[in-house]
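Please read the following report alongside the sequence and the structure.

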Amino acid sequence: MNRPIVIRICLILLAVLLIFLLWESVKDGSDGVKLVFVILMGGLGGILMVKFFIPWLGDLMGEAVFSSGEKVEQDEMTKAAACIAQGDYKGAIEHYERMLEDKPDDPFPVAEIAKVHAERLHDPQAALRALEEHLQSKNWPVDDAAFIMFRIADVHLTHRHDYETARDMLEQIIGNFPNTRHSANAHHRMSEIEQMQYKLLMEQRTKAGSSGAATA
């Protein structure tokens, strides 16, 4: 039981005890005193009900109905982050896989699995397998499919330095989702790749020229 619930229970018990003690002191008094006591306690009870009991009951019902899955997801994310901090990358992947089992329609866990494979385990092929298998596993909504495809392009570009395959994936996004923000983002990403390729070509030419001059 968490601390806020314990505090609220203690406050309610304290209020009940206080009312009981006050009643013991006025129960033998006149009817007028008893009436004033009942009115005051009714007002106080109403305030306590609105201030503490109703919000508490609402929180409990909301947590029971809506928060259980989010809590499980947050727990797995926290555990995965802890594993990464400790260098336990296989353990982190296992926690993300549990998230994926709980929410198979969410592309985020598989993207994190691919990220761990590519960035921590230095295994971009495993990252690509995870992403591609997930992409082919069902007919995804447009946003989710584009999200996974962009991650595939990023792995090819960043970790394999395979500009052509990355461009092919971006062209698929443009072809599959024309006139969408995903298509626009893919066009922008392709322009960045062209700039990267041009820069790389200029560097190679400069090195080749320097080598030729040194040889001469």
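## The pairing of α4 and α5

In this predicted model, α4 passes α5 in a left-handed crossing. The two helices pack at an angle of about 165°, and their axes lie 7 Å apart. Because angles over 145 degrees count as roughly antiparallel, α4 is described as roughly antiparallel to α5.

The residues that meet across this pair can be named on both sides: Val110, Ala111, Ile113, Ala114, His117 and Ala118 belong to α4, while Pro124, Ala126, Ala127, Ala130, Leu131 and His134 belong to α5.

## The pairing of α5 and α6

The crossing of α5 and α6 is left-handed.

Here the contacts from α5 come from Pro124, Ala127, Leu128, Leu131, Glu132, His134 and Leu135, which meet Ala145, Ile148, Met149, Arg151, Ile152, Val155, His156 and His159 in α6.

## Two loop histidines

Most residues other than glycine have a negative phi. Against that background, His122 deserves a look, as this residue is not a glycine and yet has a positive phi of about 55°. His122 is found in the loop between α4 and α5, and with a relative accessible area of 64% it is exposed.

His161 also has a positive phi, near 55°, in a residue other than glycine. The loop that holds His161 runs between α6 and α7, and His161 is exposed, with a relative accessible area of 54%.

Is His95 buried or exposed? His95, which lies in helix α3, has a relative accessibility of 12% and so counts as buried, the limit for that term being under 20%. When its neighbours within four places in sequence are left aside, His95 is in contact with Glu76, Lys79, Ala80 and Cys83.

In soluble globular proteins, nonpolar side chains tend to be buried together. In this model the largest nonpolar core has 36 residues, and the members that touch the most others are Tyr96, Leu131, Leu170 and Ile173. At least two residues of this core come from each of α2 (31–85), α3 (89–102), α4 (108–120), α5 (124–136), α6 (142–159), α7 (163–176) and α8 (181–215). The helix that gives the most to this core is α6, with nine residues.

Leu131, named among those core members, also takes part in the contacts between α4 and α5 and in those between α5 and α6. For Leu170, the residues touched are Phe150, Ala153, Ala186, Arg189, Met190 and Ile193, when residues up to four places away in sequence are not counted.

## The chain as a whole

Taken from end to end, the protein has eight helices and zero strands, and its elements follow one another from the N terminus as α-α-α-α-α-α-α-α. Of its 216 residues, 27% count as buried.

Among the contacts between residues at least 6 apart in sequence, 48% join residues at least 24 apart. The accessible surface of the protein comes to about 14200 Å², and 60% of that surface belongs to carbon and sulfur atoms.

Definitions and conventions
Residues numbered from 1 in each chain as written. Predicted model: local features only at pLDDT ≥ 70, side-chain atom pairs only at ≥ 80, totals over all residues. Heavy atoms only, no water. Helix = DSSP H or I, 4+ residues; strand = E, 2+ residues; numbered from the N terminus. Buried < 20%, exposed > 50% of the residue type's maximum accessible area, 1.4 Å probe, protein only. Contact = heavy atoms within 4.5 Å. Areas by Shrake-Rupley, 256 points an atom, 1.4 Å probe, with all protein chains shown as cover. Core = buried A, V, L, I, M, F, W, Y, C linked by side-chain atoms within 4.5 Å. Axes fitted to C-alpha atoms, helices over the stretch in contact; angles between N-to-C directions. Parallel < 35°, antiparallel > 145°, perpendicular 65-115°, else oblique. Left-handed = near helix turned anticlockwise from the far one by under 90°.
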